Every structure is written in C-alpha cells, then in structure tokens.
Amino acid sequence: MPLKSLLKTDLVLAKQDIVSKKRILESIAEVAANRLHCDKEAIYEALLSREKLGSTGIGNGIAIPHCRLETANHTAVIAISLQSAIDFDAIDKKPIDLVFALIVPPQECDEHLSTLAEIAELAQSDDALNKLRAAETNDALFAALDSLL
C-alpha cells in the first residue's frame with residue numbers, strides 16, 4: 001500500500017516538544033493505540049524491542065521506528081516533526097527531527113517493506129526534508145507530505 005494512502009490527518013503531528021527517544025516511542029504508542037484500537041503498552045514494547053535490535057535512526061535527521069503488531073488490523077503511519085532535534089542513536093550519529101513510525105499487522109510484510117523503502121527514498125531529498133521541517137502546523141505538515149508523495 002503506498003505511503004500516501006496510509007497518511008491520515010490525525011496521525012500527522014508537527015513541531016512536537018518531545019525531548020527523548022523514549023518519549024517519542026511513548027507518543028507513537030499513544031497515538032497509534034487510539035487509531036488501531038490496540039493496547040498502548042503492547043505497541044510501546046514492540047517498538048522498544050525493535051529499537052533494541054538496532055536504531056531506526058536512518059540518518060539525515062530521520063527515524064523510522066516500526067514494528068509488527070499481532071493485534072493491529074491494518075497498517076498505521078504516524079508522521080511527527082520535532083521542535084528541536086534529539087539524539088536517536090542514528091547511524092550517522094546526528095540528531096533527528098523527523099519521525100515516520102509504522103505499526104504493521106504481521107500479514108502485511110511486503111507492504112511494510114515497500115513503505116519503509118518509500119520513506120527512505122523521501123529522506124534522500126534535501127528539498128523534501130526542508131519542506132517538511134518548515135511546516136509549522138499539523139495541517140501544513142500533512143499538506144507537505146501529501147504534495148511530496
């Protein structure tokens with residue numbers, strides 16, 4: 001399923017005042033739990049388990065925390081921009097300020113991989129990243145993402 005079709009306005013959050021990797025994962029779990037009608041703790045634990053395998057900070061200020069969740073009935077993508085960049089143990093050792101989280105049911109493995117690839121491709125464009133970073137409101141961030149996909 002293309003990233004554009006997975007984006008929902010209530011899952012796009014601009015300029016969030018989040019100051020740690022732990023708080024980002026907690027925020028993702030809270031937002032996703034409401035959308036997927038799943039347990040917040042289960043989502044948080046699944047995201048944390050994935051991070052323990054290796055950071056999902058892919059460089060260029062981007063993190064893509066993701067997990068498979070047995071109780072999810074569909075894929076959710078949560079897009080977050082941060083007010084201030086934070087340490088996320090990214091592969092380039094630089095702080096991150098854009099987060100694209102994926103919560104995926106186990107049966108959607110292929111879609112999961114193609115969505116990750118689509119986000120990674122977006123992360124290669126400085127112009128696209130600058131447009132996302134410039135968005136000051138949830139609506140502006142959603143519009144920027146929508147125009148780039």
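**Strand pairing.** I began with S5 and S6, which pair in the antiparallel sense over seven bridges. Two strands count as paired if DSSP finds at least two bridges between them. Strands (E, at least two residues) and helices (H or I, at least four) are DSSP runs, numbered from the N terminus. S5 covers 76-86 and S6 covers 96-104. In this pair, Ile80 has Val99 of S6 as its bridge partner.

I noted the basis of the entries before going on: this is a predicted model, local features need pLDDT of at least 70, side-chain atom pairs count only at pLDDT 80 or more, and totals for chains, interfaces and linings use all residues. Residues are numbered from 1 along each chain as its sequence is written, and side-chain values use heavy atoms, with hydrogens and water left out.

Next I looked up the parallel partners of S6. Strand S3 (residues 62-63) pairs with S6 in the parallel sense over two bridges. There, Ile62 has Leu98 as its bridge partner in S6. Strand S4 (residues 66-68) also pairs with S6 in the parallel sense, over three bridges. Arg68 stands opposite Val104 in S6.

How many residues of S6 are buried? Nine of the nine are, so S6 is largely enclosed by the rest of the structure. My cut-offs: buried is under 20% relative accessible area, exposed is over 50%, and partly exposed is in between (1.4 Å probe, protein chains only).

**Nonpolar cores.** I then looked up the cores. A nonpolar core is a set of buried Ala, Val, Leu, Ile, Met, Phe, Trp, Tyr and Cys residues joined through side-chain atoms within 4.5 Å. The largest one has 31 residues. Ile24, Ile28, Ile43, Ile78, Ile96 and Ile103 have the most contacts inside this core. H2, helix H3 (40-53), S5 and S6 are the elements that give two or more residues to this core. H2 supplies the largest share, eight residues.

Leaving aside neighbours within four places in sequence, Ile43 is in contact (heavy atoms within 4.5 Å) with Ala29, Ala32, Ala33, Cys38, Cys67, Leu69 and Ile103.

**Helix H6.** Which residues of H6 are buried? I found Leu141, Ala144 and Leu145. These three cover an arc of only 95° around the axis, which puts them on the same side of H6. The arc is that of the directions from the helix axis to the C-beta atoms. Ala140 is also found in helix H6, but Ala140 is partly exposed at 31% relative accessibility.

**Salt bridges.** My rule was a side-chain nitrogen of Lys or Arg within 4 Å of a carboxyl oxygen of Asp or Glu. By this rule the count is seven.

Lys4 and Asp146 form one of them, at 3.6 Å, N to O. Lys4 lies in helix H1 (residues 3-6) and Asp146 in helix H6 (residues 138-148), so the pair ties together parts that are 142 residues apart in sequence. Lys4 is partly exposed at 39%, and Asp146 is partly exposed at 30%.

Asp89 and Lys21 form another, at 3.4 Å, N to O. Asp89 sits in the loop between S5 and S6, Lys21 in helix H2 (residues 21-36), and the two are 68 residues apart. Buried or partly exposed? Lys21 is buried, at 17%, whereas Asp89 is partly exposed, at 49%. Lys21, Glu51 and Asp89 are linked in a network of salt bridges.

Glu26 and Lys22 meet at 2.6 Å, N to O. Both lie in helix H2, four residues apart, about one turn of the helix. Lys22 is partly exposed, at 49%.

**Positive phi.** Last, I looked up backbone angles. Asp89 came up again: its phi is near 55°, a positive value in a residue other than glycine. Asn60, also not a glycine, has a positive phi near 60°. Asn60 lies in the loop between strand S2 (57-59) and S3. Asn60 is partly exposed, at 34%.
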